[in-house]
Amino acid sequence: MELRRVRLPLVHQFRTSSHAKRGLEHILVTLTSTDGAVGWGEIASPSGPYYSAETVDSCWAVAGSFLAPLTLATGWEHPSELAAALAKVRGNHFARAGFDMAAWALWSGTSGVPLAKALGGDRSRVEAGVSLGIEPTVDDLLEQVALRVADGYRRVKLKIAPGWDVTPVRAVRTAFPDVPVHVDANGAYPVDEVAVFRQLDHLGLLMIEQPYAPRALVDHAALQAVLATPICLDESIEELDDLVTALRLRAGRIVNVKVSRMGGLTQAVRAHDLALAHGVPVWCGGMHEFGIGRAANVALSSLPGFTLPSDVSGSAKYYARDITTEPIVCSAGWVDVPVAPGLGRDPDLPFISANTLAHHATP
Ligand code: OSB
Ligand code: MG
């Protein structure tokens, strides 16, 4: 088993309600079986604890001290068995997701079943949306939207925050009346803020993602009751139990199923299954993944409940060069689901080595 901290620069700075970033450092997990088969996973944690409590450093520490020894001590035939063993570790979902993903990649590669099929996917291509950060000016934002619409993306998600909401969103709706738009607040609004959402409610948005703090499920339910626009939950749903609570409370009508946030593909598939059983549409959110995590997101997005465009943009939206020999490509708003066994993307080892900041191998 190996862990690598790999850093790549972003082609365009990305700002959310909490922070801005120009480059990302993710941790790659490599599992090698006794007979030499290899599976790669990606821990796509942000550097700082602003999206969730995790950081790259916390993931590195928990992976090295707890998840790696637990993984090596666990005999498993199917990835869900490793996921069950790793569930002994509370929280730390981004870190766990990297190991779960590597197990799925290894299992899919050795069993010969393409990852998407192994997860229950039934489509050959998925609809891609694009996520745009907060820009210095409305004109800068309109320029970004124009660029991405020209790229063929079929849905645009705009990051909002107090002071950057109704004005930029209305400007985009006016300039691009036919482009489906959704907004994501990353939980930045106080729970007594309703007026801004009533105004956004008139702009024909696909959804309003995570207006309030992660645990404010009762407040999300109260807001949903007065809005026509569906609320989508992201940060609120870390455990299947959170989803059960949210569904019971009617805290939202859409769920963003994120591999990292759920602690891996195993739990992400279960969240999808539960939402589907309740008639709640889902889509796959991203964390600016490198090619490994991005390939896993594409595979997950091929499941039948993912009926809304996912944040599975092509690698080129984020990185001049990706860590896989072949990037993820978005063409006219669609991304093909890899068909080769395993993740369907091979790591570019020399490029990964050239960008590795720390390397940890266990015997
Ligand atoms: O809320 O989905 C989010 C990026 C960093 C932190 C939180 C989020 C995001 C994104 C990224 O929206 C979307 C993508 O990977 O394309
Ligand atoms: Mg979000």
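Val226 is exposed in this predicted model. Why exposed rather than buried? Because there are 10 other C-beta atoms within 10 Å of Val226, and a residue counts as exposed at 12 or fewer.

**More on Val226**
- You'll find Val226 in helix α8, which covers residues 217-226.
- Val226 and Leu276 sit 50 residues apart in the sequence, and their C-alpha atoms are 24 Å apart in space.

**The sheet**
- Four strands make up an open sheet, in the order β3-β2-β1-β14, with antiparallel pairing.
- The edges belong to β3 (38-43) and β14 (356-361); each has a single partner strand, so one side of each has no neighbour in the sheet.
- From one strand to the next, the twist averages 25 degrees.
- Strands β1 (residues 2-15) and β2 (residues 20-32) run antiparallel and are joined by ten bridges.
- If you look at Leu8, its bridge partner in β2 is Leu24.
- Helix α3 (residues 93-111) lies across β2 and β3, and runs at about 155 degrees to β3.

**Around ligand 1**
- Which domains give residues to the shell around ligand 1? Both domain 1 (2-113 + 347-361) and domain 2 (117-336) do, so ligand 1 lies between them.
- There are 13 residues around ligand 1, and the ones that come nearest are Tyr51, Ser131, Gly285, Gly286 and Asp311.
- Sorted by type, the shell around ligand 1 has seven polar residues, three nonpolar and three charged.

Conventions:
Residues numbered from 1 in each chain as written. Chains lettered and ligands numbered in written order. Predicted model: local features only at pLDDT ≥ 70, side-chain atom pairs only at ≥ 80, totals over all residues. Pairing = 2+ DSSP bridges. Helix = DSSP H or I, 4+ residues; strand = E, 2+ residues; numbered from the N terminus. Axes fitted to C-alpha atoms, helices over the stretch in contact; angles between N-to-C directions. Contact = placed C-beta atoms within 7 Å. Buried ≥ 20, exposed ≤ 12 C-beta atoms within 10 Å, placed from the backbone. Near = placed C-beta within 6 Å. Nonpolar A, V, L, I, M, F, W, Y, C, P; charged D, E, K, R; others polar. Domains from an automatic or database assignment.
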